[in-house]
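Reader: I'm new to reading structures, and I get lost when I try to take in everything at once. Could you zoom in on one part and then walk me outwards from there?

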Amino acid sequence: MTNKRGIGFTRKMFVAIACLAISAFAAWAGSFDGRVVKVLDGDTIEVLLPEKTTVRVRLAGIDAPERGQPFSRMATQAVRDMAAEKTVRIETQSKDWYGRTIGDVFLSDGRSLNRELVHLGLAWQYRRYSNDQELTALEAEARKARRGLWSEPDPTPPWQRRREKR
């Protein structure tokens, strides 16, 4: 095939472009499986798809402490321990303004990574974007048990920290 400028496209190039388009579509529609190749922080991971492209995924419905906040490192390490270099299933919800896929991340044993972090007291339910009653109950349970960030007298939510930094 040749375009208007006379630049030829090989079949291999066409297949590569088609795979990229399919993986981009998969990253925001429905669900997909991939291997966690990078943990950016307590609520953001990078997943390698079978087509060898990566997708940045923001865990839906939760917000983990920002870098420099208490329990930030612990939240990031918990995500590494549970998901790094493992195959996960992403149930997508949408994309955010940074182009990240927003989704629920399920571990190979069926547990929700999103819910595990809230249960451990390493993330808040992000009520601005979530009315998930299970997350509400898990957060209340973690608060009552004073797990993780709830061991602090008055932990600062990450969305408040980001607002203060602006």
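Author: Let's begin with Arg-146, which counts as partly exposed because its relative accessibility is 48%, and the range for that class lies between 20% and 50%. Keep in mind that you're looking at a predicted model. Arg-146 sits in the loop between α4 and α5. Leaving out residues up to four places away in sequence, Arg-146 touches Ser-151 and Glu-152. Now look back along the chain: Leu-120 is 26 residues away from Arg-146 in sequence, yet their C-alpha atoms are 9.6 Å apart in space.

Now step into helix α4, where you'll find Glu-139. Is Glu-139 buried or exposed? Glu-139 is buried, because its relative accessible area is 0% and the cut-off for buried is under 20%. What does Glu-139 touch, if you ignore neighbours within four places in sequence? The contacts are Val-118, Trp-124, Gln-125, Arg-127 and Trp-150. Here's another pair to find on your screen: Glu-139 and Leu-122 are 17 residues apart in sequence, and from C-alpha to C-alpha the gap is 9.6 Å.

Helix α4 also leads us to the inside of the model. In soluble globular proteins, nonpolar side chains tend to be buried together. Here the largest nonpolar core has 32 residues, and the ones that touch the most other members are Ile-45, Val-47, Val-57, Val-88, Val-105, Leu-113 and Leu-117. Which elements give two or more residues to this core? They are the strands β1 (31-41), β2 (44-48), β3 (54-59) and β5 (87-95), together with the helices α2 (72-83), α3 (113-119) and α4 (133-145). Helix α2 gives the largest share, with five residues.

Beyond four places in sequence, Val-47 touches Phe-32, Gly-34, Arg-35, Val-36, Thr-53, Thr-54, Val-55, Val-57, Val-88 and Ile-90.

Now follow the strands themselves. β1 and β2 run antiparallel and are joined by five bridges. They form a hairpin with two residues between them, and Asp-41 has Thr-44 in β2 as its bridge partner. β1 also pairs with β5, again in the antiparallel sense and over five bridges. One spot to look for there is Asp-33, whose bridge partner in β5 is Arg-89. Arg-89 has a partner in β6 too, namely Phe-106.

That brings us to β6, a mostly covered strand in which five of six residues are buried. How many bridges link β5 and β6? There are six, and the pairing is antiparallel. These two strands make a hairpin with five residues between them, and in the turn Gly-99 has a positive phi of about 85°. With β3, on the other hand, β6 pairs in the parallel sense, over three bridges. Along that pairing, Arg-58 stands opposite Ile-102 in β6.

Most residues other than glycine have a negative phi, and most peptide bonds are trans. Lys-52 isn't a glycine, but its phi is positive, at about 70°. You'll see Lys-52 in the loop between β2 and β3. Lys-52 is also exposed, because its relative accessible area is 67% and exposed means over 50%. Glu-85 also has a positive phi, near 65°, and belongs to the loop between α2 and β5.

Last stop: the largest pocket, which holds about 880 Å³ of space. Which of its 33 lining residues are the closest to the centre? They are Arg-58, Arg-100, Tyr-126, Tyr-129 and Arg-162. The elements that give two or more residues to the lining are β3, β4 (62-63), β5, β6 (101-106) and α5 (158-165). Sorted by class, the lining has 16 charged, ten nonpolar and seven polar residues.

Definitions and conventions: Residues numbered from 1 in each chain as written. Predicted model: local features only at pLDDT ≥ 70, side-chain atom pairs only at ≥ 80, totals over all residues. Heavy atoms only, no water. Core = buried A, V, L, I, M, F, W, Y, C linked by side-chain atoms within 4.5 Å. Buried < 20%, exposed > 50% of the residue type's maximum accessible area, 1.4 Å probe, protein only. Helix = DSSP H or I, 4+ residues; strand = E, 2+ residues; numbered from the N terminus. Contact = heavy atoms within 4.5 Å. 1 Å grid on protein atoms, 1.4 Å probe; cavity = no way out; pocket = protein on both sides within 12 Å on 5 of 7 lines; lining within 4 Å. Points joined across faces, edges and corners; volume = space filled by probe spheres on them. Nonpolar A, V, L, I, M, F, W, Y, C, P; charged D, E, K, R; others polar. Pairing = 2+ DSSP bridges.
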